[in-house]
Amino acid sequence: MRARDSGMLKTFWSLLRSPVPPTERADLLLALVILFLFFLQVATGILLAFFYQPSPVTVADSVQLIMRDVDWGWVVRGLHHWSAHAILVLCGFQVLRILYLGTWRGRASSSWNLGLLVLLCAILLSYTGELLVWDQSAFWRITRALEQVESAPIVGTWVAHVLRGGEEVSATTLSRVFSVHSLLLPWVLWVLVVFEGWFFAQRLRVAKEARS
Amino acid sequence: MILVLKPGTQGPELAEVLRELEKRGIQGHVLPGGTKPLVHLVSGPTRRARKLLKLEQVEALVPTSGPRVRLSGRRFYPYHFTNLAALCLVLTGVLVLLAGNFPPGLGDAIDPQHAPESLSYPWYVRAPLSFVALFPHSWAWLGWMCLYALGLAALLMPVLDRPGEKAASNWPRIVGTLVLLGWLYLTFGGAVR
């Protein structure tokens, strides 16, 4: 029995060989490029986490170590940094594309909502990532940002207090920002990506049934 | 390249297809006989004829060489997969170049007593922070409320602009363009840099 004929592999193979309607081609390719960049972020993030130490005393040394002493460390950190910017640009482009093509009206209304949530999540991921170098600029940026967040009604004070981990920005803040960046937000983003993929498959199925 | 039309396509429907071809600068003529009407595309930018697959009358596009493009589209593997792999490879190359030429830096050591004279924020958060900064400090909550409302309105757009209307409204595009222009202005010219 060939491997291709067995269970999940067969489903995967048939999915891989499915025809893509010309109307969905651009959406699919854009979404898959964003997914590729997301995987690149995860892979480079895991590699960086091997050496990064989220403690105010050692953080600078660990970043220096990654950039100077670890083989290809500068490439991994650079890729992580620039792919985050690329994700933001592509997510923004995808949202604008849906807006100007007007596809939020019908078949792609879920893409519009999920696209906005993915963009928001990517912004939060990038911003928390920028703070992890924990230098003078990052310290004061998070201090000012949390002051601004505190002025936001309803959830502002609570969010600022939870992230800060006390009255002042400290080692706890760095630890919490690291947790949010590396544990919470990637999973939220992954759930959104799975939903997006599921809705896209539904759209393709409906289009196929309508044709047949 | 040959355009295969649905059986029974004739008269004004056929004329519409020919008009669309003419609009794209493609010359073609209808082939006589057969159960399905066929249009032979003889000259002009025939690659543009792919867009005609969106027309109801068109069933398929058969190139004289290469794979057949059906209305249902090309298979993901190998056609789109190859394009995607090439695109990702190029993108990775560009990112490595950026990483080499513009490596993310590491700033000065933290001084919790003295804030730096100028504090730069990443480009993607400048707009919302600049927007909130437009309001006096005691009214900052109003700025955040406006941002919440904008986000909520954006999420609810498929409900606010209901589908199925006879003429699709254009207001979301206009509002979206205004928000985009405002966003760009606040990013590059706002109070927070």
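Two residues are taken to be in contact if their C-beta atoms, placed from the backbone, lie within 7 Å. The model is predicted, with local features needing pLDDT of at least 70 and side-chain atom pairs counting only at pLDDT 80 or more, while totals for chains, interfaces and linings use all residues. Residues are numbered from 1 along each chain as its sequence is written, and chains are lettered from A in the order in which they are written.

**Exercise 1. Describe the side of chain A that touches chain B.**

Step 1: by the contact criterion, 55 residues of chain A meet 54 residues of chain B.

Step 2: helices H2 (22-51), H3 (59-68), H4 (73-101), H5 (109-131) and H6 (136-150) of chain A each supply at least two residues of that side, where helices (H or I, at least four residues) and strands (E, at least two) are DSSP runs numbered from the N terminus. The largest share, twelve residues, comes from H4(A).

Step 3: by class, this side of chain A has 30 nonpolar, 16 polar and nine charged residues, with Ala, Val, Leu, Ile, Met, Phe, Trp, Tyr, Cys and Pro counted as nonpolar, Asp, Glu, Lys and Arg as charged, and the others, Gly among them, as polar.

**Exercise 2. Determine how spread out chain B is in comparison with a compact globule.**

Step 1: chain B has six helices and five strands, and from the N terminus on its elements run β-α-β-β-β-β-α-α-α-α-α.

Step 2: the radius of gyration of chain B, taken over C-alpha atoms, is 27 Å, well over the 16 Å that the globule rule gives for 193 residues, so chain B is more spread out than a compact globule. The rule is 2.2 Å times the number of residues to the power 0.38.

Step 3: the C-alpha trace of chain B spans about 85 × 45 × 25 Å along its principal axes.

Step 4: an automatic or database domain assignment gives domain 1 (2-70) and domain 2 (123-189) of chain B, and 43 Å separate their centres, taken over C-alpha atoms.

**Exercise 3. Trace the pairing of strand E3 (residues 38-43) of chain B.**

Step 1: strands pair if DSSP finds at least two bridges between them; E1(B) (residues 2-5) and E3(B) pair in the antiparallel sense over three bridges, and B:Ile2 has B:His40 as its bridge partner.

Step 2: five bridges join E2(B) (residues 27-31) to E3(B), again antiparallel, and here the bridge partner of B:His29 is B:His40.

Step 3: the hairpin of E2(B) and E3(B) has six residues between the strands, and in it B:Gly33 takes a positive phi near 80 degrees.
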